[in-house]
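Here's a quick briefing for anyone opening this structure for the first time. Have a look at the sequence and the model, then read on.

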Amino acid sequence: MLLAGGVARLLDAALGRIERRRFPDGETYLRFAQDVSGRDVVLLAQLGRPDDKLFPLALAAATARELGARRVGLIAPYLPYMRQDTRFHPGEAVSAGHALRLIAGGVDWLVTVDPHLHRIGDLSDICQIPATVAHAAPALAEWVAGHVRNPLLIGPDGESAQWVKTVAHDARAPFCVLSKRRLGDRAVELTLPDLAPHAGRTPVLVDDIISSGATMLAAAAKLRAAGFAAPVVIAVHALFARGAYDALGAVAAQVASTNSLPHRSNAIDLAGVMAAAARRHLDSR
Ligand code: R5P
């Protein structure tokens with residue numbers, strides 16, 4: 001379920017290639033393997049574990065421009081660093097805006113999927129270029145409707161309410177939202193509402209991101225304690241820190257993610273969503 005190939009096919013675009021390697025000292029060598037002059041170049045960057053990818057991305061965008069590309073667009077389905085959108089403690093980096101400037105600074109337009117916008121209301125508040133936020137909810141809902149019997153959609157925290165509500169509506173299923181208190185990078189405390197009216201349904205946990213897995217693991221444990229079956233776990237962005245996927249696999253009936261980031265849990269294809277959003281920018285002049 002490789003995203004770049006699917007998007008290129010749907011856009012009827014050539015799938016380009018960038019040769020990339022490291023010099024012996026670790027610096028990046030990069031070369032466009034085909035002529036980009038006069039063409040619209042669309043970079044597709046899957047920015048999980050982004051620190052090693054951000055400089056090569058900036059270098060690719062600058063090089064495409066230097067080689068005469070007409071415009072350079074960026075499809076970055078997962079926008080990293082968005083969760084740190086305020087200074088929780090004195091002296092901390094507020095990474096959301098800084099990271100976005102690095103990511104989008106060298107391109108003409110941006111397409112992304114469900115960025116973690118919580119205290120920042122709208123991506124345009126921190127993004128200086130035309131940007132489209134595409135949504136995974138319709139694809140998630142279609143997957144749920146086709147794979148889960150008698151589902152109860154559950155958002156593990158208040159921030160997930162926005163996605164869960166739409167997925168539940170489109171999948172014609174009830175939903176509820178838990179409340180979460182984060183105690184640390186890998187520890188959360190969850191509170192369940194009264195789920196008695198939904199007894200017997202298949203719990204489907206839906207969140208934008210799975211990172212350490214702590215949120216989903218805690219939710220699965222609470223649901224089991226409340227008498228529910230093992231949950232189906234769905235994420236838009238499958239970040240999965242080391243060990244998280246295996247730990248979740250041990251308690252979930254199934255773990256499914258979109259291919260916004262490549263991961264073995266990918267089951268929900270976003271190529272159509274990405275291509276449609278990119279098409280609007282490509283056609284915009
Ligand atoms: C944060 O609020 C996000 O929506 C996710 O709930 C969070 O990133 C999940 O992180 P973890 O898997 O580490 O609990």
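Where is Ala64 found? Ala64 sits in helix 2, where helices (H or I, at least four residues) and strands (E, at least two) are DSSP runs, numbered from the N terminus.

Before going further, a word on the ground rules. This is a predicted model, where local features need pLDDT of at least 70 and side-chain atom pairs count only at pLDDT 80 or more, while totals for chains, interfaces and linings use all residues. Residues are numbered from 1 along each chain as its sequence is written, and side-chain values use heavy atoms, with hydrogens and water left out.

**Ala64 and its neighbours**

- Ala64 has a relative accessibility of 0%, so it counts as buried (buried means under 20% relative accessible area, exposed over 50%, partly exposed in between, with a 1.4 Å probe and protein chains only).
- Leaving aside residues up to four places away in sequence, Ala64 touches Phe32, Val36, Val41, Ala69 and Val72; contact here means heavy atoms within 4.5 Å.
- Ala64 and Val36 are 28 residues apart along the chain, yet their C-alpha atoms are separated by 6.7 Å.

**Helix 3**

- Helix 3 covers residues 95-104 and is mostly covered itself, with 7 of its 10 residues buried.
- Those buried residues are Ser95, Ala96, Gly97, Ala99, Leu100, Ile103 and Ala104.
- They pack against helix 2 (51-66), strand 4 (71-75) and strand 5 (109-113).
- As background, an α-helix has 3.6 residues a turn, so residues three or four places apart point the same way.

**The ligand's surroundings**

- There are 15 residues around the ligand, and Asp207, Asp208, Ser212, Gly213 and Thr215 come nearest; a residue is near a molecule if one of its heavy atoms lies within 4 Å of it.
- Ser212 puts a polar side-chain atom 2.6 Å from an oxygen atom of the ligand, and Lys180 has a polar side-chain atom 3.0 Å from a ligand oxygen.
- Gly213 uses its backbone instead: an N or O atom there lies 2.8 Å from an oxygen atom of the ligand.
- On its own the ligand exposes 380 Å², and the protein buries 94% of that (accessible areas come from the Shrake-Rupley method with a 1.4 Å probe).
- Strand 9 (179-184), strand 11 (202-210) and helix 6 (214-225) are the elements giving two or more residues to the shell, with strand 11 giving the most, 4 residues.

**Asn266**

- Asn266 lies in strand 14, residues 266-268, and is buried because its relative accessible area is 18%.
- Its side chain makes a polar contact with the side chain of Ser257 at 2.9 Å (a polar contact is a pair of N or O atoms within 3.5 Å; within protein, one must be able to donate a hydrogen and the other to accept it, and residues adjacent in sequence count only if both atoms are side-chain atoms).
- A polar atom of the Asn266 side chain also lies 2.8 Å from the backbone oxygen of Thr258.

**Two aspartates with positive phi**

- Asp12 is not a glycine, but has a positive phi of about 55°; Asp12 lies in the loop between helix 1 (3-11) and strand 1 (18-22) and is exposed, at 74% relative accessibility.
- Asp114 has a positive phi of about 35°, again without being a glycine; Asp114 is in the loop between strand 5 and strand 6 (131-134) and is buried, with a relative accessible area of 3%.
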